[in-house]
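Please view the sequence and the model first.

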Amino acid sequence: MVHISPSLLSADFAVLGEQLDQVKQAGADLLHLDVMDGSFVPNITFGMPVIQSLRKISDLFFDVHIMIQRPLDYLEPLQKAGADGITFHYEAEGEVETTIRRIHQLGLKAGLALRPGTPGQVVFPFLKDLDLVLVMTVEPGFGGQAFRPEMLEKIALVRAEAVRQGREDLVVQVDGGINPETIALCAKAGADCFVAGSAVFGQADFAQAIAGLRAAAQGAQ
Ligand code: DX5
Ligand code: ZN
């Protein structure tokens with residue numbers, strides 16, 4: 001199953017509500033929301049007030065990717081704002097087990113993200129508890145960067161270990177530089193959930209963009 005999660009970071013923030021409606025009509029399966037704190041990554045995006053406002057007008061699954069230094073401090077506020085899933089970084093502060101448990105206690109799906117320099121093996125002990133692993137295919141912080149093909153091996157490694165542990169249901173997500181060419185490579189390597197910012201919100205026709213990405217991923221799986 002292929003899931004496309006358009007990243008709001010590339011949307012027009014002056015008309016966010018309309019863009020959300022349009023992307024849903026266009027066939028988005030989830031909505032990817034990048035929350036950055038200016039410390040874990042050298043950029044600042046948006047936080048709880050924006051998510052809370054969007055929650056009122058959308059029933060899309062809010063796939064919240066937090067690039068923040070202290071995830072534990074923000075889980076409950078994000079849940080209250082309307083997150084459906086929270087993906088935090090392995091490289092951030094706090095015990096991974098504790099953070100996963102806390103996300104689940106809040107009734108949300110839990111994901112663990114890896115920067116390009118972090119080896120895939122670090123997620124192995126947590127696969128039994130996770131809903132999703134996010135293999136970053138660019139250095140987190142900014143949209144519109146070039147895909148790193150050396151991440152394909154990591155995607156395959158995580159997928160193979162998940163299957164070995166009986167977790168065929170684990171979602172393997174990729175984020176950064178995804179377009180109709182790179183999505184096929186990632187799907188072939190074992191990813192099944194694809195974040196795309198510029199390849200969706202940067203295009204004139206969202207429906208055509210999402211359909212093109214989906215077809216490329218399905219053709220490669
Ligand atoms: C980058 C963010 C991404 C970003 C992807 O740190 O995590 O979600 O929006 O943008 P594209 O698809 O344009 O590379
Ligand atoms: Zn992201």
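The sections below go through the basis of the model, the metal, the ligand and the aromatic rings.

## Basis

This is a predicted model; local features need pLDDT of at least 70, side-chain atom pairs count only at pLDDT 80 or more, and totals for chains, interfaces and linings use all residues. Residues are numbered from 1 along each chain as written, chains are lettered from A and ligands numbered from 1 in the order written, and side-chain values use heavy atoms, without hydrogens and water.

## Zinc site

Four residues supply the protein donors of the zinc ion (ligand 2): His32 (NE2), Asp34 (OD), His65 (ND1) and Asp175 (OD). Donors are N, O and S atoms within 2.8 Å of the metal (3.2 Å for Na, K and Ca); water is not among the atoms, so sites may look incomplete.

The 6 donor atoms around the zinc ion subtend angles of 69 to 169°, so the arrangement is octahedral. That label requires six donors, with opposite ones over 155 degrees apart and all others between 65 and 115. The donor residues follow the spacing H-x1-D-x30-H-x109-D. His65 sits in strand S3 (residues 61-67) and Asp175 in strand S7 (residues 171-175), so this pair ties together parts 110 residues apart in sequence. Strands are DSSP runs (E, at least two residues), and helices are H or I runs of at least four, numbered from the N terminus. Both His65 and Asp175 are buried. Buried means under 20% relative accessible area, exposed over 50%, and partly exposed in between (1.4 Å probe, protein chains only).

## Ligand 1

Ligand 1 is surrounded by 20 residues, each with a heavy atom within 4 Å. The closest are Asp34, Gly141, Asp175, Gly197 and Ser198.

The His65 atom lies 3.3 Å from a ligand oxygen. For Asp175, the distance to an oxygen atom of ligand 1 is 2.7 Å. The protein covers 100% of the 380 Å² of accessible area that ligand 1 has on its own (Shrake-Rupley method, 1.4 Å probe).

## Aromatic pairs

The whole structure holds 2 aromatic pairs. Rings of Phe, Tyr and Trp (its six-membered ring) pair if their centres lie within 6.5 Å; planes under 30 degrees apart are stacked, over 60 edge-to-face, the rest tilted.

Phe13 and Phe46 have ring centres 5.9 Å apart and planes at 50°, so they are tilted. Phe13 is partly exposed at 40% relative accessibility; Phe46 is buried at 8%. The rings of Phe201 and Phe206 have centres 5.3 Å apart and planes at 75°, which makes the pair edge-to-face.

Terms used: Tetrahedral: all angles 85-135°; square planar, octahedral: opposite > 155°, others 65-115°. Polar contact = N/O pair within 3.5 Å; in protein donor to acceptor, adjacent residues only side chain to side chain.
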